[in-house]
Amino acid sequence: MKVLIVGSGGREHALAWKCATSPRVTEVLVAPGNAGTAREVKVRNVPVQATDIDALIRLARTESVALTIVGPEAPLVAGLVDAFQQNGMRCFGPRRAPAQLEGSKAFAKEFLRRHHIPAAASVTVTADTYDPGLLRRQRTPIVIKASGLAAGKGVVIAQTAAEAVAAAEAMLAGKLGEAGREVLIEEFLEGEEASFIVMADGSHVLPLATSQDHKRLADGDRGPNTGGMGAYSPAPVVTPAIHARIMREVIEPAIQGLAAEGMPYTGFLYAGVMVARDGTPNVLEFNCRFGDPETQPILMRLQSDITVLCEAALDGRLDQVQATWDSRAALGVVMAAEGYPDAPRSGDVISGLDLAAKLPGKIFHAGTRLSEDDVVVSGGRVLCATGMGATVAEAQRIAYALAGVVHWPGALYRRDIGYRGL
């Protein structure tokens, strides 16, 4: 079978690499892919953008693609899966209606309230309803969120009322484009965050390995929020008891609620959960796709054939399959471009990749492209150096050994990924 992966980031490189390991897969196409996918065995980049739905349909038909897996959120929110299904083609991901869980944080918050799923208290405002006095009356810190898709840059944890007012007004004034047309003002929750990702087939759920990511730019969880500076799996905070609570109080009500509202959910569902001291799993966000950078360490640990799991979901029989996991821990360190996340610099040549290929672990590409014989920086998050080990500490050592041999001017990365798991 041929598989098509839609997207160009680190998540898509990991998905393409994992699909290519399947003996049933003859070739993996990636649209548009990056320099890393261009160099993978059995993988071929195709110059089609992830949001060009008509071109993707033509590509899948021309290449006789048996299974398409959608990586990023934008094409899902735009209805790519709906279009593929209307053309009789198998595409793993949620349709446009349930993808609103990520496309609109305001929609997601109302859905959580309707189905009594624990989450932070919030209020949604627009330019017409915004009142700075509301923010000045709140206890800080307070969270300001753009409702729409903002590529991981739409959340500000404001430490003062003035900072909250500035963040909200910047979003409403168009700093993030359409994403900030609605803004959520949300209470700040204490606890430890975990990424809980499942596969769903409309009614059944298959939980994937637990993980935890680091969203802040700098060591010690300081600095601005980003799309994610690293992740590791498993997440010790998700004990068997917490796992059961998340399934019972978050995932199952969400899947059942979507089905009851006429929006059955098939695809990866990501719940960003803040685990409170009493064990309550409060939902911070829903994402309608695999997380990035969680995908990289999770797929390093996955021993099952992911194409088999995706097809089982599309057939509505996830209850008949199981996922098997390497017992070792995996950890990924994101290497970002100078200026990330606000103004990342591009065009720098990356050195050391050939040396890294001889070391244990795996470098997954994100913001890279080929320029003649060179691999160059083309985005904010550039690479994810991923290691595996018997413990989180060993996986961390291997990942940082990989990162240490790769260089370009201004490269930056955190030095403490996985510290909560040590």
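Guide: Let us begin with one term that we shall need throughout: a residue is called buried when its relative accessible area is under 20%, exposed when that area is over 50%, and partly exposed in between. Please keep in mind that this is a predicted model. With that term in hand, look at strand β15, residues 230–233, where G230 and Y232 on one side and A231 and S233 on the other are all buried.

Visitor: What makes both faces of strand β15 count as covered?

Guide: In a regular strand the side chains alternate between the two faces of the sheet. In β15, G230 and Y232 belong to one side, A231 and S233 belong to the other, and all of them are buried, which means that both faces are covered.

Visitor: Which strands does β15 pair with, and how do you know that they are paired?

Guide: Two strands pair if at least two bridges are found between them. Strand β12, residues 212–213, is joined to β15 by two bridges, and these strands run antiparallel; here Q212 has Y232 as its bridge partner. Strand β18, residues 329–336, is joined to β15 by four bridges, again in the antiparallel sense, and in this case G230 stands opposite V333. Both counts reach the required two, so β15 is paired with β12 and with β18.

Visitor: Why is the pair of W17 and F364 called edge-to-face?

Guide: A search of the whole structure finds four aromatic pairs. For W17 and F364 the ring centres are 5.4 Å apart, which lies within the limit of 6.5 Å, and the planes stand at 70°, which is over 60, so the pair is edge-to-face. W17 lies in helix α1, residues 10–20, and F364 in strand β19, residues 362–365, so this pair ties together parts that are 347 residues apart in sequence.

Visitor: How do you know whether W17 and F364 are buried or exposed?

Guide: The relative accessible area of W17 is 18%, and that of F364 is 0%; both values are under 20%, so both residues are buried.

Visitor: What makes the contact between K2 and E27 a salt bridge?

Guide: A salt bridge needs a side-chain nitrogen of Lys or Arg within 4 Å of a carboxyl oxygen of Asp or Glu. The distance from N to O for K2 and E27 is 3.7 Å, so the pair meets that condition. K2 lies in strand β1, residues 2–7, and E27 in strand β2, residues 27–32, so the pair ties together parts that are 25 residues apart in sequence. K2 also forms a salt bridge with E63, where the closest N and O atoms are 2.5 Å apart. Since E63 lies in the loop between α3 and β4, this second pair ties together parts that are 61 residues apart in sequence.

Visitor: Why is R24 called partly exposed, while E311 is called buried?

Guide: R24 has a relative accessibility of 33%, which falls between 20% and 50%, so R24 counts as partly exposed. E311, at 15%, is under 20% and therefore counts as buried. These two residues form a salt bridge, with their closest N and O atoms 2.8 Å apart. R24 lies in the loop between α1 and β2, and E311 in helix α12, residues 306–314, so the pair ties together parts that are 287 residues apart in sequence.

Visitor: What makes β3 and β5 the edge strands of their sheet?

Guide: Five strands form an open sheet in the order β3-β2-β1-β4-β5, with parallel pairing. Strands β3 and β5 each pair on one side only, and they are the edge strands. Between β2 and β3 there are three bridges in the parallel sense, and V30 stands opposite N45 in β3.

Definitions and conventions. Residues are numbered from 1 along each chain as its sequence is written. This is a predicted model: local features need pLDDT of at least 70, side-chain atom pairs count only at pLDDT 80 or more; totals for chains, interfaces and linings use all residues. Side-chain values use heavy atoms; hydrogens and water are left out. Rings of Phe, Tyr and Trp (its six-membered ring) pair if their centres lie within 6.5 Å; planes under 30 degrees apart count as stacked, over 60 as edge-to-face and the rest as tilted. Buried means under 20% relative accessible area, exposed over 50%, partly exposed in between (1.4 Å probe, protein chains only).
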